Amino acid sequence: MTTILIADDHPLFRDALRGAVGRALPQARIVEAADVAAMFAMIDTEGEADLLLMDLNMPGAQGFSALVQVRAAHPQLPVVVVSAREESGVVQRALAHGASGFIPKSADAATIATALRTVLDGERWSPVPARPSVLASDEADIAHRVAELTPQQFRVLGMLARGLLNKQIAYDLGVSEATIKAHMTAILRKLGANNRTQAVLLAGKLALDPNDVDASAVVEEG
């Protein structure tokens, strides 16, 4: 049985996408997640899944950072980005970061069906010609660094970007503050950052609009 994973934080769109997948692949088993943490847990549980459909912006990540993490941790799992951002530049960046396909949220059921079948057949699909795309050197470099983060470090980085303190992150993750400090040290080292704010700004290079990243909420701690 084909297993399709859906990760999107909007319930109405998940319902619509589930329906489109069900019509295109009537025998498919569909599993859903509403945020990045749940998505990674879902992927770990569904180790034999055939395809992941994921939104670019969900709680826990923004832009291409979660895509980079999935591709690094689960290279065998094809990923199709489903996004309301339909600019050709966004499509090409998604493909360059390892997506097997890109489906605009405005796509009709027939287009979604074509995209799913194409990717499940081992090909790439996008609404624009899949021209070879070369990432800007700084974006490619930070993608490589983000890919080196463990899933837990990636979660901590996302919580850091929301302005949470170490003790708040520790509480939410159910670990000690000392563990979070150790994660912070590893995150700064892997990203090549000197402080927490710089780490968020570096990771922000993977945002859909890097110039709009605001790290003002980050609190520096000793």
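**A parallel sheet, its helices and its salt bridges**

Strand S4 is covered on both faces: Val 79, Val 81 and Ser 83 are buried on one side, and Val 80 and Val 82 are buried on the other. The model described here is predicted. In a regular strand, side chains alternate between the two faces of the sheet. In S4, 5 of the 5 residues are buried, so the strand is largely enclosed by the rest of the structure.

Strand S4 belongs to an open sheet of 5 strands. The strand order is S2-S1-S3-S4-S5, and the pairing is parallel. Strand S2 (29-33) and strand S5 (101-104) form the edges, and each of them pairs on one side only. On average, neighbouring strands of this sheet are turned by 20° against each other, with direction ignored. Strand S3 (residues 51-54) pairs with strand S4 (residues 79-83) in the parallel sense, over 3 bridges. Within this pair, Leu 52 stands opposite Val 79. Leu 53 has Val 80 of S4 as its bridge partner.

Helices pack against the strands. Helix H3 (residues 65-73) touches S3 and S4 as it packs on the sheet. The direction of H3 makes about 170° with that of S4. Helix H2 (residues 36-45) lies across strand S1 (3-7), S2 and S3. H2 runs at about 145° to S2. The loop between H3 and S4 holds His 74. His 74 counts as buried, at 14% relative accessibility. Leaving aside residues up to four places away in sequence, His 74 touches Ile 43 and Asp 44.

Salt bridges come next. The whole structure contains 12 of them. One joins Lys 105 to Asp 55, with the closest N and O atoms 3.4 Å apart. Lys 105 lies in the loop between S5 and helix H5 (109-120), while Asp 55 lies in the loop between S3 and H3, so the pair ties together parts that are 50 residues apart in sequence. The partners can be described by their accessibility. Asp 55 is buried, with a relative accessible area of 5%. Lys 105 counts as partly exposed, at 22% relative accessibility.

A salt bridge also links Lys 205 and Asp 138, and here the closest N and O atoms are 3.7 Å apart. Lys 205 is in the segment after helix H10 (196-203) and Asp 138 is in helix H6 (residues 137-147), so this pair ties together parts that are 67 residues apart in sequence. Lys 205 is partly exposed, at 29% relative accessibility. Asp 138 is also partly exposed, at 39%.

Glu 221 forms a salt bridge with Arg 196, and the closest N and O atoms are 3.2 Å apart. Arg 196 sits in helix H10 and Glu 221 in the segment after H10, so the pair ties together parts that are 25 residues apart in sequence. Glu 221 is partly exposed, with a relative accessible area of 30%. Arg 196 counts as buried, at 5% relative accessibility. Elsewhere, salt bridges that share partners join Arg 14, Asp 15, Arg 18 and Glu 32 into one network.

The last topic is empty space. Rolling a probe the size of a water molecule over the atoms shows where such space is left. The largest pocket has a volume of about 320 Å³. Its lining consists of 15 residues. Ala 61, Gln 62, Leu 157, Gly 158 and Ala 161 lie nearest the centre of this pocket. Helix H7 (151-161) and H10 each supply at least two residues of the lining. H7 gives the most, with 4 residues.

Helix H7 also has buried residues. These are Gln 153, Phe 154, Val 156, Leu 157, Gly 158, Met 159 and Leu 160. What covers the buried residues of H7 includes H2, H3, H6, helix H8 (166-173), helix H9 (177-191) and H10. Just after H7, Gly 163 takes a positive phi of about 90°.

How values were computed
Residues are numbered from 1 along each chain as its sequence is written. This is a predicted model: local features need pLDDT of at least 70, side-chain atom pairs count only at pLDDT 80 or more; totals for chains, interfaces and linings use all residues. Side-chain values use heavy atoms; hydrogens and water are left out. Two strands pair if DSSP finds at least two bridges between them. Axes are lines fitted to C-alpha atoms, for helices over the stretch in contact, and angles run from 0 to 180 degrees between N-to-C directions. Contact means heavy atoms within 4.5 Å. A salt bridge is a side-chain nitrogen of Lys or Arg within 4 Å of a carboxyl oxygen of Asp or Glu. Buried means under 20% relative accessible area, exposed over 50%, partly exposed in between (1.4 Å probe, protein chains only). On a 1 Å grid over the protein atoms alone, a cavity is a set of points where a 1.4 Å probe fits but cannot get out, and a pocket is an open set with protein on both sides within 12 Å along at least five of seven lines; lining residues have an atom within 4 Å of a point. Grid points are joined across faces, edges and corners, and a volume is the space filled by probe spheres set on the points.
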